[in-house]
Amino acid sequence: MIRQHMIVTLAFALIMTAGFPAQAKSGDLLGFQDEYTQQDYQDDLEAYFGRLAIHDEVFVTDMLNTAPPMPPCGETAGATLAAGFCAGGDAMFSVNNGSATILAETPSAFGIGVFGDRALTFGQAVINGGVAVNNGSLYTYSGVSELDGIGTGNPKAISYGMWVTRSGLTPFSDGPEAPLPGYSECVAVNNGTIAVSTKLSDYAAATSFKAQSLAAGIGCGEDSHCFNSGQILVDAAGGLQGDTHTGTAPTVVIATGIYGNRRVLCSNTGTIAVTAHGDNAQTPATSVPDTGGSMMLTSATGIAVITDSTINNSGMLTSTAYAGTTESSLNAQAFGIEAGSGSTIVNSGTINASAVSAIGHAKAYGIMGGNNCTLHSTGFINASASTDTGTTTAYDVYATDGTFAVREYAILLAHDPDAFIGRWRHGSTGTFDLADSTLHVHVSPQTLLNTPYKVDEFVAGEANAFESIVCDTPADVDLEVIGANEAVRLNYNPKSAPALKAVESSNMIVSKCVDISDQALVNAAFRIGDFYAQNDAEGTMLASAGGVVPGERHGALDTDDKSHSVFLMPYVIRTDDDDYTGTARGISAGYNRAVSSDDVVGFHVGVGSGDINFASLANQDRKVDISNFSLGVQGLHRFSQSLALRASSTLFISQNEFRDDAPANREHATYGSRGASTMLTGSYECRPTEHTLLAPELSLRHEWIHQDGFTTSNVAGPSTTYGDVDENELYATASLRLMRRLAFGDVSILPSLRIFADQVLTDGETASYMELLGSRKDMTDTNDDMSFGAQASCTVTNGDTSLELGYSREENGDRIQQSGWLQVQVNF
């Protein structure tokens, strides 16, 4: 059974006859409305035209320490009542866009034989059907002042922020009243702030009294809708102590965020924070058996409904109860959601329920449901109870009686593999139904990887296995289900390391800059060495793919020779790999000078950027952006007309940005890298026909790169640490270049074709490690396959200006790299 003592206590303010079923407005949640939208608001403005009550002002009602007659919107005598906006009569549309402060406190009373003083407040009410919307702020307070010398009495401090019903009754009416016919809608909407508080006095001397401190953010009658997208703050305090209290009357301190009657839809997408303080509240000296010896009740509940209702929480619910400070009032209980029989509970938000008692009994329940209740929870539920020397009870889910069907449930793996054993409980006649159920597993920074978590004993000593288990695991983590859904284990098993692929991409960009500067060196040597001059004796080109062909002119250049050249070469690169797709773009520029007919020296600079988009399933939302700057020198020396040697050395630095946009693994990091590439190339020329050159080449290339280690910043889960990288590799490249010059007047065209094979001579491994949640995995990226490729270009020269367009394709196992470039060279 649901807590009858709480329902009985609150029901006096919720007694009403059945109304017409509320009509759903916008979005559906398992067949029920789950939101009140701006469009609903506009529709209601039109539907209720002529029955509107819109408040935009600052409104204050101060009834502190006074006992005036009841205002027109109430019918209870003998009370201090402060009312806010009350819409009665025909169904109304009441809107608060301003600020309302409603205060009521009873006057101090001394020497009264019979006392029934009450302080009652509400902020905004619709009592004959309609819609109440709060877009502003509502603050209500009810307090009972100091009482002394009272024989008997029932002091009450009761306050509601909003109240909606069809019954025609205020929240404080004592009896039922038939609703006016024809009203099918009864809706409360809070988009602003509701703050409600109640307080009993610090002291009372009485022989018998029933003291109540009741605070509720929103109260809903039967067949109502209640929507909160704003903030609801509720605080109920006791503080009533009786020196000679010997009767059996209870003392009750109850705080509730949203309280609904039967067939109510409650939806929270905002924040509800509820606190109950027992303070000095006094328990009767005579025990009451059905409450375990005490009717003293300090209770806090986020959302409570009686029966056949629907609760949807996608926001934050926090309920906290603090026990009283007198020896006989030390019990406290807190509920996140409390639902009577036949209700449906949907939770995708966070529920926190906490009870605190120094030496008494602290009880906390995340969700409590009765017979035929159904739970769909993909959010988190946390129930905790604490005490110094007393007893505690804390359950995330509690079934009071009958069958409680759990269709979805979520857990957050932390540091304790047995944390979920005994987190549920049911009464002696209650049971859980897990047919067609799904367990959602989530990872926290405290999750233990490679460790089994038991998930089939939510009720201690009972088997509660879910039919299916799912997990939005972080990247590189695999979910393992053990046995018949008895336990789960998350195994850290990264398939590839994005940071290592970034090393590869940085090398790729730098290598292209080296190739470009080398190509520019060759072109400059062709031009400076009179590449297009004819050799009458041999009738062949005076050129080579590998260096300068000076013909018969050795030694220093003549003063009128154009021995200087500058070049500018934009380029693009695309790499397709099984693990990723990479693109790079940049520009390289440089200067070359012939210091003699046999020697050319120069320098080059380059800026480039690249990005890597990972294609594998485990890394499909991971990306690395690379920005690169390089600076180097190059030179050429001719040993003879056929033999030449080229050399270059390039330093580079890179700034990398790593990110993962996967919803379950949103992480980001920036880190740097630096390195050097040095290449030595020898070429030998053959001239099979006039104006044709065939040049085999052999190159050795050394590459060094250091990449800093880094730890990602993850806003959705645990962060990953990547170790640093420091690698040296040596490569050998064999190539064959074929060139032929075509002359058309002052314009020369030089098509070129180069085929090559490249092989790493060292191990070809890039090594580092990845670490997640204390689990470390050594990672290597091996690239030791021989690659083959072809390069085609065409150079058009007119006077001192040359324009070259080129394309290259290289294949290495599962990787294909394509590049294109456009080079402009000017000689002077």
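Predicted model: local features only at pLDDT ≥ 70, side-chain atom pairs only at ≥ 80, totals over all residues.
In which loop does Leu773 lie? Leu773 is found in the loop between strand 53 (765-772) and strand 54 (775-782). Its phi is near 50°, a positive value in a residue other than glycine. Most residues other than glycine have a negative phi. Arg263 is another residue with a positive phi, near 55° in this case, and it too is not glycine. The place of Arg263 is in the loop between strand 21 (251-260) and strand 22 (265-268).

The whole chain can be described next. The protein chain has 828 residues, and 57% of them count as buried. Its secondary structure consists of three helices and 57 strands. The accessible surface of the chain comes to about 30,600 Å², and carbon and sulfur atoms account for 54% of that surface. Contacts can also be sorted by the distance along the sequence that they span. Among contacts between residues at least 6 apart in sequence, 74% join residues at least 24 apart.

Val607 has its place in strand 42 (residues 599-614). At 41% relative accessibility, Val607 counts as partly exposed. Leaving aside neighbours within four places in sequence, Val607 is in contact with Tyr571, Arg585, Gly586, Ile587, Asn628 and Phe629. Val607 and Phe652 are 45 residues apart in sequence, and their C-alpha atoms are 9.5 Å apart in space.

The second residue is Asn656, found in strand 44 (residues 643-660). Is Asn656 buried or exposed? Asn656 has a relative accessible area of 1%, so it is buried, the limit being under 20%. Leaving aside neighbours within four places in sequence, the contacts of Asn656 include Ser506, Val624, Asp625 and Ile626. Ala669, Thr670, Tyr671, Ser673 and Gln707 are also among the contacts of Asn656.

Aromatic rings give another view of the chain. How many aromatic pairs does the count come to? The count comes to 19 aromatic pairs. One of them joins Phe458 and Phe466 in an edge-to-face arrangement, with 5.7 Å from centre to centre and 80° between the planes. Both Phe458 and Phe466 are buried. Phe710 and Tyr722 form a stacked pair, with 4.8 Å from centre to centre and 20° between the planes. Phe710 lies in strand 47 (residues 710-711) and Tyr722 in strand 49 (residues 720-722), so this pair ties together parts that are 12 residues apart in sequence. Phe710 is buried, with a relative accessible area of 7%. Tyr722 is buried as well, at 3%. Ring pairs also link residues into a cluster, made up of Phe404, Tyr409, Phe420, Trp424, Phe432, Phe458 and Phe466.

The remaining topic is the empty space in the model. Rolling a probe the size of a water molecule over the atoms shows where empty space is left. The count comes to six cavities of 30 Å³ or more. How much space lies in the largest cavity? About 950 Å³ lies there. The largest cavity is lined by 45 residues, and Ser511, Arg701, Glu703, Asp758 and Glu810 lie nearest its centre. Helix 3 (residues 498-528) gives the most to this lining, with 12 residues. By class, the lining of the largest cavity divides into 12 nonpolar, 15 polar and 18 charged residues.

The second largest pocket has a volume of about 330 Å³. Its lining has 16 residues, of which Ile381, Asn382, Asp396, Leu412 and Phe420 lie nearest the centre. Phe420 also belongs to the ring cluster described above. Strand 32 (380-387) and strand 33 (391-413) each supply at least two residues of the lining of this pocket. Strand 33 provides the largest share, five residues. The lining of the second largest pocket has 11 nonpolar, two polar and three charged residues.

Terms used:
Residues numbered from 1 in each chain as written. Heavy atoms only, no water. 1 Å grid on protein atoms, 1.4 Å probe; cavity = no way out; pocket = protein on both sides within 12 Å on 5 of 7 lines; lining within 4 Å. Points joined across faces, edges and corners; volume = space filled by probe spheres on them. Helix = DSSP H or I, 4+ residues; strand = E, 2+ residues; numbered from the N terminus. Nonpolar A, V, L, I, M, F, W, Y, C, P; charged D, E, K, R; others polar. Buried < 20%, exposed > 50% of the residue type's maximum accessible area, 1.4 Å probe, protein only. Contact = heavy atoms within 4.5 Å. Areas by Shrake-Rupley, 256 points an atom, 1.4 Å probe, with all protein chains shown as cover. Phe/Tyr/Trp six-rings, centres within 6.5 Å; stacked < 30°, edge-to-face > 60°.
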